[in-house]
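Please find below my notes on the model under discussion. They are set out as numbered points, to be read beside the sequence and the coordinates.

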Amino acid sequence: MIDSLSGLLNTVLAVGLAVIGWIIKRLIERLDLGEKRMTQIEVELAAQRERDISVEARIAKLEEAIKEVHNKLDRMMEVLVKR
């Protein structure tokens, strides 16, 4: 009786440890997936930030060009009005 009880307890312990190990493995896999997703999101955000900086630089150049054209037009209008 004691041998069968001991065997039963060993079996229950082994099954319990296996289940706990499987649960821990699944948790680690989920954490790894979450980490990969976060890394991918960080890379996408960095790329978007670079694109935003590039667009802002182009807009700044356009603004400067528009200001120059505006100043030239003002000077031309002044010359035309004086004539």
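1. Of the 83 residues of the protein, 0% count as buried, where buried means under 20% relative accessible area, exposed over 50%, and partly exposed in between (1.4 Å probe, protein chains only). This is a predicted model, in which local features need pLDDT of at least 70 and side-chain atom pairs count only at pLDDT 80 or more, while totals for chains, interfaces and linings use all residues. Residues are numbered from 1 along each chain as its sequence is written, and side-chain values use heavy atoms, with hydrogens and water left out.

2. The protein contains one helix and zero strands; helices (H or I, at least four residues) and strands (E, at least two) are DSSP runs, numbered from the N terminus. The radius of gyration is 36 Å, well over the 12 Å that the globule rule gives for 83 residues, so the protein is more spread out than a compact globule. That radius is taken over C-alpha atoms, and the rule is 2.2 Å times the number of residues to the power 0.38. Along the principal axes, the C-alpha atoms fill a box of roughly 120 × 10 × 5 Å.

3. Accessible areas come from the Shrake-Rupley method with a 1.4 Å probe; for residues, only the protein chains shown count as cover.

4. L13, L17, I20, I24 and I28 make a nonpolar surface patch of about 480 Å². Patches consist of residues with over 30% relative accessible area and no salt bridge, like charges being joined within 9 Å and nonpolar side chains (Val, Leu, Ile, Met, Phe, Trp, Tyr) within 5 Å. I28 lies in helix 1 and is partly exposed, at 45% relative accessibility.

5. How many salt bridges does the structure hold? There are two, a salt bridge being a side-chain nitrogen of Lys or Arg within 4 Å of a carboxyl oxygen of Asp or Glu. K25 pairs with E29, their closest N and O atoms being 3.8 Å apart. These two residues are about one helical turn apart, because they stand four residues apart in helix 1 (residues 2-82). E29 is partly exposed, with a relative accessible area of 33%.

6. R26 also forms a salt bridge with E29 (3.7 Å, N to O). Both residues belong to helix 1, at a spacing of three residues, about one turn of the helix. R26 is partly exposed, at 40% relative accessibility. Through shared partners, the salt bridges join K25, R26 and E29 into one network.
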